[in-house]
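These are my notebook entries on a structure that I am reading for the first time.

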Amino acid sequence: TFRKRKQLLTTMAEWFVPEGADEQKHRDVAETIATVTRAVADFPKPGIMFRDISTLLLQPAAFAKVTDAFAEHYKDHHIDCIAGCESRGFLFGAALAYKMGKPFIMLRKKGKLPAPTVFVDYGLEYGKDQLHVHKDAVQEGQRVLIFDDLLATGGTIIAAAQCIRMLNGVVMGAACPIELDGLGGRANLSKNNIDFFSLVAFR
């Protein structure tokens with residue numbers, strides 16, 4: 001009905017600059033993300049509100065603004081490598097790795113990497129999965145920044161961190177353009193000693 005659709009659109013519009021970001025510095029990029037992404041109800045299953053970043057990628061200026069904001073935030077951090085979670089984490093992580101001149105590591109689902117891997121079983125908001133990384137992707141002591149497109153409960157990023165730590169890498173933090181507030185993701189990451197940064201949060 002029109003009333004339900006109006007309520008949904010109102011909910012979609014409730015965004016804010018999250019903890020750790022600077023209200024003055026990051027409000028413009030937060031508003032850009034909120035404006036150019038879209039929410040899709042009941043995907044990939046009923047009851048899930050999917051935040052679709054494909055519409056952001058269609059706009060080069062918006063994609064560049066997001067990448068530049070992350071590069072500015074992390075420019076003084078000691079980062080050796082950037083790791084992206086399959087598959088949307090590749091998009092933002094690889095762009096930042098290029099921008100900062102850092103190696104990029106792929107964290108992939110079962111059966112996608114050809115060489116020997118380490119892996120972690122983990123739960124999603126709507127199922128279970130495995131995350132793998134090549135055994136030679138991370139050198140002992142390397143400081144790794146983990147990237148995904150969105151933080152919900154934090155399961156994927158926690159699994160990624162476990163993979164990195166299995167190879168004796170140091171997880172110096174994790175980042176996503178988007179954070180979903182109220183699902184406990186940031187607290188779950190904190191419990192696993194993962195510092196987190198995002199550019200916009202949705203209620």
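**Entry 1: helices H4 and H5.** I began with H4 and H5, which are oblique to each other, a word used when the angle is not under 35 degrees (roughly parallel), not over 145 (roughly antiparallel) and not 65 to 115 (roughly perpendicular). The axes of H4 and H5 (residues 88–100) come within 10 Å and cross at roughly 60°; axes here are lines fitted to C-alpha atoms, for helices over the stretch in contact, and angles run from 0 to 180 degrees between N-to-C directions. I noted that helices (H or I, at least four residues) and strands (E, at least two) are DSSP runs numbered from the N terminus.

Before going further I wrote down that this is a predicted model, in which local features need pLDDT of at least 70 and side-chain atom pairs count only at pLDDT 80 or more, while totals for chains, interfaces and linings use all residues. Residues are numbered from 1 along each chain as its sequence is written, and side-chain values use heavy atoms, with hydrogens and water left out.

Among the residues that make the contact (heavy atoms within 4.5 Å) I found Phe63, Phe70 and Tyr74 of H4, and Leu91, Phe92 and Met100 of H5. By class this contact has 10 nonpolar, 1 polar and 2 charged residues, where Ala, Val, Leu, Ile, Met, Phe, Trp, Tyr, Cys and Pro count as nonpolar, Asp, Glu, Lys and Arg as charged, and the others, Gly among them, as polar.

**Entry 2: helices H2 and H4.** I then turned to H2 (residues 23–36), whose axis comes within 10 Å of that of H4 and crosses it at roughly 140°, so this pair is oblique as well. The crossing of H2 and H4 is left-handed. Asp28, Val29, Thr32, Ile33 and Val36 of H2 meet Ala62, Lys65, Val66 and Ala69 of H4, and by class the contact has 6 nonpolar, 1 polar and 2 charged residues.

**Entry 3: a pocket.** Which residues line the second largest pocket? I listed Glu19, Gly20, His73, Tyr74, His77, Met172, Arg186, Ser190, Ile194, Asp195, Phe196 and Phe197. The elements giving two or more residues to this lining are H4 (60–74), H7 (185–191) and strand E11 (196–202). By class the lining has 5 nonpolar, 4 polar and 3 charged residues. On a 1 Å grid over the protein atoms alone, a pocket is an open set of points where a 1.4 Å probe fits, with protein on both sides within 12 Å along at least five of seven lines, and lining residues have an atom within 4 Å of a point.

**Entry 4: the backbone.** Where does the cis bond between phenylalanine 43 and proline 44 fall? I placed proline 44 in the loop between strands E2 (38–41) and E3 (49–52), and omega of the bond is about 5°. Aspartate 42, in the loop between E2 and E3, has a positive phi of about 60° although it is not a glycine.

Note on methods:
A crossing is left-handed if the near helix is turned anticlockwise from the far one by less than a right angle, and right-handed if clockwise.
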